[in-house]
Amino acid sequence: MAKPEFSVQETLDSVLDRSDGEDVADAESEDFDEASETEDHLEQDQDHNETYEENADEEDADEDTYLSKDGSIDWTSSPPRRARKPKKTLQTTGITKYASCHAKDIKSTFELFLTEEILKIVLEMSNVEGRHVFAEEWTDLDLADIQAYIGVVILAGVYRANHEAMASLWHPDSGRGIFRAVMTLKTFKKISRIIRFDDKQTRISRSVNDKLAAIRVVWNKWAERLPMMYNPGPNVTVDDFLVPFRGRCPFRQLKPGKPTKYGIKIWAVRDSKTSYVWNMQVYTGKSVSGNQEKEPGTRVVLDVTEGLEGHTIFCDRFFTSLALSQELLKRRLTMVGIIDKNKPELPPALLATKGRACFSSMFGFTETHSLVSYCPKKGETVLLLSTLHRDASVSSRDDKKPTIILDYNKSKGVDNLEKMVATYTCKRKTVRWPMVLFFNMLDVSALNSYVLWTDARPEWHSGKSFRRRLFLEELGKALVGPLMEARQPLQPRPHTPVLNKARRPLELEDEASTSHTEAAPRKRMRCFLCPREKDRKTSLMCRTCTNPICRSHAVYHAYCLECTDS
């Protein structure tokens, strides 16, 4: 059967694939996970189509019709005999050729998102602010300084020390030596104070029409890189997540249901399987004109999914509506989402809870849409709208959940992106909201870089459950490496361990050490301060009482760098 060509200008009926005089496609959703090439198309199973039509004939006698609240839509209790499905073609999923050619190592993969162009803008604006604040005391930064600063905050996130005081991170005893090896605490505080992303002199005039003026240029240049590096799989999730922040911000939001109630809301499109962030948009509240949008959810989904084709969009009740699903069908996009019960397109029969048994399901169908009303417990119903599913299938589990709900739970998840970002976030305490967004850019860039790296090299640390932590640690060390090498003359000798360069235990000096002959190795003995059941052996001895002691009970003295070998 020849397949009709698709045109965006056609009406919804011309967008949907019709079959005149032949059987229709299988009512079950096609497995989009196997569609990886652009030329792949949906296939039709003729034998299954005949079975579907026979079942439809058997159900005609028991078919019920439900009228929507506004009286514009007739929903039927059984799938239509000729179900119409949109033609869908899916691009090759995974890392793009451009990203694959440029991702030579972990650092270069990260720089696909945080490019040199973006860093130069940050560098220029930060130096201007540094000269203004510190005057003649300021020494201009270079790219190595900015990269080292980013590497330090990433490493702090890897070590789960983003909420730890900076003085503690640089402490010679309890801190980590790599921070002291990269830069001094004073330098880190200076950069944190003066880092800027725009021209402060013209910010007031730009803020009149743009609430995001303080970081708009950097944000836009970064956000436009996201869809260039990765083609998402068949299932895509549109959701909002809250970046925690309680300081002053003209578009700070309150979400009582979130663990952190206050913050900056961001609309995000992510791949449901890998959580790669494909697009992001900051919510800045009402427009400057003060006019309120009638359907903000529809506008957001259409904006952030621009450029996608052949995917299934999973979204929550804030976005889902019949009008949105129809617009997405014109783009060859299907949709699955929870829908609010106050929508006028819903039939009252599917909203009623009286007399409904627990774990029961009611279905409503049109030629292009499926609606399910599921009763998880007495007196409560959950409604989902789908343009992907075309039958009334129910699982064999004890709760008898419909397939629509199971697919939604599997792909949508619950705040999966927020959890992944928060695990190793580099965000530090700040009172400036542009810094909050900058830290979020670093977190998302690191997450996306990890997805690209593991997609291009699946054998890298395969089988380990902490691959992402290893990736972030290597990324942080790669970013701080150039500045560490530049400061190498100021650091301990190469053979001296970084963590132990300025301390050693007070051991009993062997009498032979005063002579020029080599002393015999000391026999290891049990520490006399540790419990006997531990049986902790040691070669250290107290200088005063000569009793054997382990490192846990030894006292350390500080030595200068010239005396560490003496």
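I looked up the partners of helix H18 and began with H6, where Ala 144, Asp 145, Gln 147, Ala 148, Ile 150, Gly 151, Val 152, Ile 154, Leu 155 and Val 158 meet Arg 469, Leu 472, Glu 473, Leu 475, Gly 476, Lys 477, Leu 479, Val 480 and Leu 483 of H18. Contact here means heavy atoms within 4.5 Å. I sorted these residues into twelve nonpolar, three polar and four charged (nonpolar is Ala, Val, Leu, Ile, Met, Phe, Trp, Tyr, Cys and Pro; charged is Asp, Glu, Lys and Arg; the others, Gly among them, are polar).

The model is predicted; local features need pLDDT of at least 70, side-chain atom pairs count only at pLDDT 80 or more, and totals for chains, interfaces and linings use all residues. Residues are numbered from 1 along each chain as its sequence is written, and side-chain values use heavy atoms, without hydrogens and water.

Next I checked the geometry of H6 (residues 143-158) against H18: the axes come within 7 Å and cross at roughly 150 degrees. That makes H6 roughly antiparallel to H18 (over 145 degrees; 65 to 115 is roughly perpendicular). The crossing of H6 and H18 is left-handed (near helix turned anticlockwise from the far one by less than a right angle; clockwise is right-handed).

I then turned to H17 (residues 433-456), whose axis comes within 10 Å of that of H18 (residues 467-486), with a crossing of roughly 110 degrees. H17 is therefore roughly perpendicular to H18. This crossing of H17 and H18 is right-handed. I listed Ala 446, Leu 447, Ser 449, Tyr 450, Trp 453 and Thr 454 on H17, and Arg 467, Arg 468, Phe 471, Leu 472 and Leu 475 on H18. By class, I noted seven nonpolar, two polar and two charged residues.

Methods
Axes are lines fitted to C-alpha atoms, for helices over the stretch in contact, and angles run from 0 to 180 degrees between N-to-C directions. Helices (H or I, at least four residues) and strands (E, at least two) are DSSP runs, numbered from the N terminus. Angles under 35 degrees count as roughly parallel, over 145 as roughly antiparallel, 65 to 115 as roughly perpendicular and the rest as oblique.
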